[in-house]
Amino acid sequence: MADSAPKLRLGEMLLDEGIITPEQLQRAIAYQREKGVLLGKALSDLGFVAQDVIMAFVGTQLGIPHVDLTQIGTVAPEVLKTIPEATCVQKMLIPIQRQGNRLMVAMVDPLNVLVIDDIKLTTGCEVDPVIATESGVKYALEKYFGAETAKKADSGGQGTTARAA
């Protein structure tokens, strides 16, 4: 059964909840256009909304669960080995759980179907993406792969997800 309720865009959701003002939204949209970043990153960069709040709203908007990588337990080494470290850094993601043929992957951009398809092909698993903040993925990369890997993510990672205004 399809959900017939229209999905609100991120900016509208944050306005409706009183998290940002209309003026802040307009400033963030201007910043977004000027810098060529996604709205969530603009709101975060301007200090209007914390990344974890944005990710929770984006997860709701997309129907994708949000995970705080700083709060999860230890990821099993065999799970971490399912996706090459270089891919994790380049695509800003980290595998966090495997059950049978299903692999849960925390991603900054869980809508990137090309990346999800690549993971399916290389792992042979069905991929269950969950949304995570950029800072959370960097935290996990450093925790599991070391500081040098996290530094690579700083230079090659993607921005915060939140495509809608």
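How many residues lie between S1 and S2 in their hairpin, and which residue in the turn has a positive phi? Keep that in mind while you get your bearings.

**Before you click**

This is a predicted model: local features need pLDDT of at least 70, side-chain atom pairs count only at pLDDT 80 or more, and totals for chains, interfaces and linings use all residues. Residues are numbered from 1 along each chain as its sequence is written, and side-chain values use heavy atoms, with hydrogens and water left out.

**Whole chain**

Show the protein chain as a cartoon. It has 9 helices and 3 strands. Helices (H or I, at least four residues) and strands (E, at least two) are DSSP runs, numbered from the N terminus. From that end, the order is α-α-α-α-α-α-β-β-α-β-α-α.

Switch to a surface. The accessible surface is about 8700 Å², and 51% of it belongs to carbon and sulfur atoms. These areas come from the Shrake-Rupley method with a 1.4 Å probe; for residues, only the protein chains shown count as cover. Of the 165 residues, 44% are buried (buried means under 20% relative accessible area, exposed over 50%, partly exposed in between; 1.4 Å probe, protein chains only).

Select 93-99, 102-107 and 126-131. These strands make an open sheet in the order S1-S2-S3, with mixed pairing. Two strands pair if DSSP finds at least two bridges between them. S1 and S3 are the edge strands, each pairing on one side only.

Now zoom in on S1 and S2. They pair in the antiparallel sense over 6 bridges. Pro95 has Val105 in S2 as its bridge partner. Here is the hairpin: 2 residues separate the strands, and Gly100 in the turn has a positive phi of about 60 degrees.

Move across to S2 and S3. This pair is parallel, also with 6 bridges. Find Arg102; Glu126 in S3 stands opposite.

**Thr82**

Next, select Thr82. Look in the loop between helix H5 (77-80) and helix H6 (85-91). Is Thr82 buried or exposed? Thr82 counts as buried because its relative accessible area is 15%.

Show the side chain of Thr82. It reaches the backbone oxygen of Val79 at 2.6 Å. Then display what surrounds Thr82. Leaving aside neighbours within four places in sequence, Thr82 is in contact (heavy atoms within 4.5 Å) with Pro95, Arg98, Leu103 and Thr123. Pro95 is the residue whose bridge partner in S2 is Val105.

**Last view**

Zoom out again. Among contacts in the chain with a separation of 6 or more, 63% join residues 24 or more positions apart.

Key:
A polar contact is a pair of N or O atoms within 3.5 Å; within protein, one must be able to donate a hydrogen and the other to accept it, and residues adjacent in sequence count only if both atoms are side-chain atoms.
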